Every structure is written in C-alpha cells, then in structure tokens.
Amino acid sequence: MSESQPLRRRQPSGLGVRLRALWRALVVAWQFVPLVIAWLRDRRRFLVVGRSRSVTSADRTRRAEFLKETFVRLGPAFIKLGQMLSTRPDALPIEYTEVLSELQDKVPPEDWNEIGPALEAELGPIDEQFDSFDRTPISGASLGQVYTAQLDGERVAVKVLRPNIRARVESDLRVLETLTPILVRGAEPAQAFTLENLTEEFAATIRREMDYAHEARMLTEVGRNFADDDRIAIPTVVESHSTDRVVTMSYVDGVKIDDVERLDELGVDRRELVQRLEEVYIQMIVEDGVFHADPHPGNLAVQPDGTIVFYDFGMTGSLGPGTREQLLEFYVALAADDVDRVMDAFVAMGALDPAADREVMREAFEIVIDQFRGEDISDLRIEQLVGEFESQLYAFPMRLPQDLALVVRVSTVLEGVCRTLDPEFDFIEVITDYVADQQRTEAGKAIGAEIRDAIVEGGRSLVTGGPRAEEALERADRGNLHLRTVLADSDDLLRQMARRLLLGIAVAAGVPLVAFLYLAGGVQPAAVAAGATTVVAGALAWSFRRRGGPQFGTPQFTRHEMRQRRDDRSEQ
C-alpha cells in the first residue's frame, strides 16, 4: 500500500445486501416498538386522544437503559451508533447521553477458522508472509481484532477486519437511512437539523473505521507530526503487509494508561503525564488539524520512561484552518475567563445558535468551565439551570458539526482519563499554560497580533478622539443638527468631559498593552506599564469624586422654542 496509489475500498452491494436490509428493518422496528409506544403516549396519554403527559428524568434514564440494551442486541453498527449518540447532547437528552456513554465496543472474539481464511485472502499464506503468527487475539472489538506476529525478526501487530462485517453494517446503514425521515417528522423542530445530518455523519464515520487503508494513512500522518517528539510513540505501518482489510504495524508495548498502581510502581509522574497528554491533543487539534479521536484507556498506554503510546487510529478527525482558528480563539477565551468570548467562538464555528438566550447559555458555559477547572458543581446550581429550560433541554441551541462532535468526544473521554490519573486535574490551567507558551509560535504570533491590533486601535483613538469630538461640537455649533441643547457650562464642563474621555481611552489602551508586554518582554516592562495604567486610572477615578464640580444644566429651550427663536431672527 502507498499513498501515491491509494486502495479503493470495496463497497458491498447487490441483492444480498438489499434482502438483509429488508429483514434487518423488520428486526430493528420490532426492537424499538416499546420506545415508539412510550413516545406516542408522551404526546397523547391514550395514544390518539388525551393530553400529553410529563416525562421525568427518571423516566428518561429508564428508557435510555432500554435503548442501550437494544443497541447491544442489534450488533456492531448500532453499538457504534450508540457511542456516537453519547457525544451528541444536541440530539438526545442528557440522561440518554450519560447512559449510552457506558456502551463498550467489545464482542466475543471471532473464531480463527473464520479470521484465518479472510487474512490469507488479503496477504497470502500466513506461514509464508510471517516468521510466526499467534492465532490468539490480543484485542478485539465489534469491527476487527488484533493479533501479534514476527516479521523479519521484529514483533508486529496485525489488525484484521471481521469477515462479512461490511455487508452487515451496510445493511444496517440502509435501515437507518430509511428510518431517519420518520424520526425527523416526529422530532422537535430544534432536533430536525441534527437528526437529518446524523445518519450521514455516522455512515461516513463507520465506513472510514472499516477502511484500514485510511487508518494506515492516519497512522503515518500523525506519526510524521510527532516524529521529533521522543515522548510520543505511534506504531509504524508495514505497507507491504497492509490492505484495506488488514493493517500491519510495529508492535509498541506499554502499560494501560489507567493502571494507576502499575504506573506508580514504575515511578511515572502522573501529573506530568496528564499535562503532556493534554498538550499532545491540543497540538493535534489546533495546530496539526488531524487527531486521534478515540482516547479511551484501551487505546492509550505508557512506557516506563513516561512515553505515551497511541493505538487504534480507526476513528480520527480532521479540522480545517477556519475551525482551528476558532478553536484557538476558544482556548484564548478560556484562558482569559471570558465567557462571552467563548460563546462568540461557538457561534463562529456554527456550534451555537446566534439567537440563543445569552443569559441562560452564559450560566451553562460557566458551569462547564468550572467543571473544566476541577471545581465541585453543586447539584442545586445544576437543578436551577435545568429548571430554566427543562422543557427544551435536548432542544439546546447547540448544533455540533461532525468535526466538532469528535472534538467534544475527545474532550469528554480525555477528561475521564486525566481525572483517573490526577483527581485535581485542571483543564483551564493546561490551556492557560499552552496559550502563554505559544508566544513564539505561529499560534502565539496570532495572539500577539490580536493584542497589537488592540493597542494600535487604542492609540488611534487617543490621536483621533479629540479632533472628532471637536468636529462634532463644531457641527452642533453650526446648526447642522436638528436638535440643539444649550448647556450651562459655568465650570468648564466640556474641558472636563474631554479630559475624562482621554483618560478613559488611555486606560482602555493600557490593559492590552500590559498583556502584550507580559507575553513579549516579561514581567518587568509589563509591571512598568501596569503602574502607569494604574496612575491614569486613579486620575480618572479622582475626577469623578470631585464634589460640586461641573454639572449639566437644564435645557434652556424646547425644540419648538428653538425653532420659534430662529424664525424671529430671520424676520429681523
């Protein structure tokens, strides 16, 4: 396999797939009958007549448990669907996402008598292709399983796609495509957009996960991005023994990342490990734009020297420059503890409805940010928030595109891993350190440029503010305004107003100047600028403390009286 000649993935089709899809449609429909009846009764207590009935959180949790069990019974495609839905709070109520997050992608291993012929069909006789081959799998999942072998004196891992899995999944995808319009018609308006796109997104995701040629490309690309980082280990693809159904890679050993006791025995600094793991994912997401999207403990390991090992690149994500720029803006806003700026970044990414209730959303974002900081969130605070929009909880004004949904999945799973390693883990602290450390990188230059723009804009205001104010006063004096107000300026009010205006502009420009000097020059110049800004701010505050100072007088004329006086002057 080579990137210059990518393999074309073989797509199952034909009468067999259609017949299986028809049969599966009947099976799936029957499995969901209890949920459909419950949903209809929610709208009409007696199915066709009566008022709607209220649904409690306990009811939703019970139904979510039933849904999880149904997905397990229906097999690999629906298990994957449940895992995807667990990361989509814009599609399901929170009770469903919490329960579905418990789904484990594990099924009994396929018998070697089934796997062996499929592997030989791809690579040829096993005994000729490998020095030795262990027929017992070391890892298994719903789509494929992994074996170890010896090749040219080196230990390798061989990942094999389960036989006939593509045909089974394609049949289930056709069922989902058929059922989706029905779900959309019965869904709340705010859910329609999400459900219409969810099936297509899921189909693309699971098809990529079954394409081992794609996984090999992702392994190579991400491995190249971390080639100079000795703290990260990513298996190397053996192209001569890889196809779109088999991927052979170097075997990289390590301790499972959530085996805290073993890590402590090895002397691994868990706090440092968490910091490095988060930094690696920030680099993948914000800087590289290609990231490993399934960081559960089974796919992460640690070597005795603290090196982090990544396995299983079947689920990966990619982000365009625009999305990465907005994610960087999101991180900067988190570091600055600016909730409004965080929401603006979500709006810019298309993940938040611009018409959303800003006050309610601000409270929700503050809770999430506090959780990122590792703070304990009181149940009362959450209940108060839920109470404000319980009727539209899963009609939340969030619209997660597929790439951002993967970022959310990564963040959620990664937070659990990090808290296992370090219960006091503070994601915001990691972000703040990252933003500060990037001052000499391209990302840091962007932040510095933003601060410089603010300083230039403040300086321009200092220079142009006075003349513009004078011009406005001249226009008023020339009578170009339709309404003039005569002020009793007995104590030089206008001069005092201009002084306050200039002082205020100077303070506004001083704040970003201090931030810029801190990033670019260190503590000392920033301290000098901060002192000067403080003095100017003090002068501004003092100007408002003077008693008996200049005040606005009452208007001397009404608009009618002004017009009357002008007419009188013209007659004279």
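How many of the 5 residues of strand 6 (residues 246-250) are buried? The count is 4, so strand 6 is largely enclosed by the rest of the structure. The points below place that strand in context. The model is a predicted one.

1. Overall make-up. The chain has 572 residues, and 42% of them count as buried. Its secondary structure comes to 22 helices and 11 strands. Take the contacts between residues at least 6 apart in sequence: 68% of these join residues at least 24 apart.

2. Strand 6 and its partner. Strand 6 runs antiparallel to strand 4 (residues 154-161). The two are joined by 5 bridges. Within this pairing, Val247 of strand 6 stands opposite Lys159.

3. A separate item to check is an open sheet of 4 strands, in the order 5-10-9-7. Its pairing is mixed. Strand 5 (232-233) and strand 7 (255-256) form the edges, and each of them pairs on one side only. Strand 7 meets strand 9 (residues 300-302) through 2 bridges, and this pair runs antiparallel.

4. Helix 12 (residues 270-288) lies across strand 5, strand 9 and strand 10 (308-310). Relative to strand 10, helix 12 runs at about 45°.

5. Helix 13 against helix 18. Two packed helices are described by the angle between their axes and the distance between the axes. Helix 13 (residues 321-335) packs on helix 18 (residues 427-437) at about 110°, and the axes are 8 Å apart. An angle of 65 to 115 degrees counts as roughly perpendicular, and helix 13 and helix 18 are therefore roughly perpendicular to each other. Their crossing is left-handed. On the helix 13 side the contact uses Leu328, Tyr331, Val332, Leu334 and Ala335. Helix 18 supplies Phe427, Ile428, Ile431, Thr432, Tyr434 and Val435. By class, that makes 10 nonpolar residues, 1 polar and no charged ones.

6. Helix 2 against helix 3. The axes of helix 2 (residues 33-43) and helix 3 (residues 57-74) come within 11 Å. They cross at roughly 155°. Angles over 145 count as roughly antiparallel, and helix 2 and helix 3 are therefore roughly antiparallel to each other. This crossing is left-handed. From helix 2, Pro34, Leu35, Ala38 and Asp42 meet Arg63, Phe66 and Leu67 of helix 3. The contact counts 5 nonpolar, no polar and 2 charged residues.

7. Met218. Which helix holds Met218? Its place is in helix 10 (residues 212-225). Met218 has 12% relative accessibility and so counts as buried, the cut-off being under 20%. Leaving aside neighbours within four places in sequence, Met218 is in contact with Gly223, Val290, Phe313 and Thr316. Met315 is 97 residues away from Met218 along the chain, yet their C-alpha atoms are separated by 9.4 Å.

Terms used
Residues numbered from 1 in each chain as written. Predicted model: local features only at pLDDT ≥ 70, side-chain atom pairs only at ≥ 80, totals over all residues. Heavy atoms only, no water. Axes fitted to C-alpha atoms, helices over the stretch in contact; angles between N-to-C directions. Parallel < 35°, antiparallel > 145°, perpendicular 65-115°, else oblique. Left-handed = near helix turned anticlockwise from the far one by under 90°. Contact = heavy atoms within 4.5 Å. Nonpolar A, V, L, I, M, F, W, Y, C, P; charged D, E, K, R; others polar. Pairing = 2+ DSSP bridges. Buried < 20%, exposed > 50% of the residue type's maximum accessible area, 1.4 Å probe, protein only.
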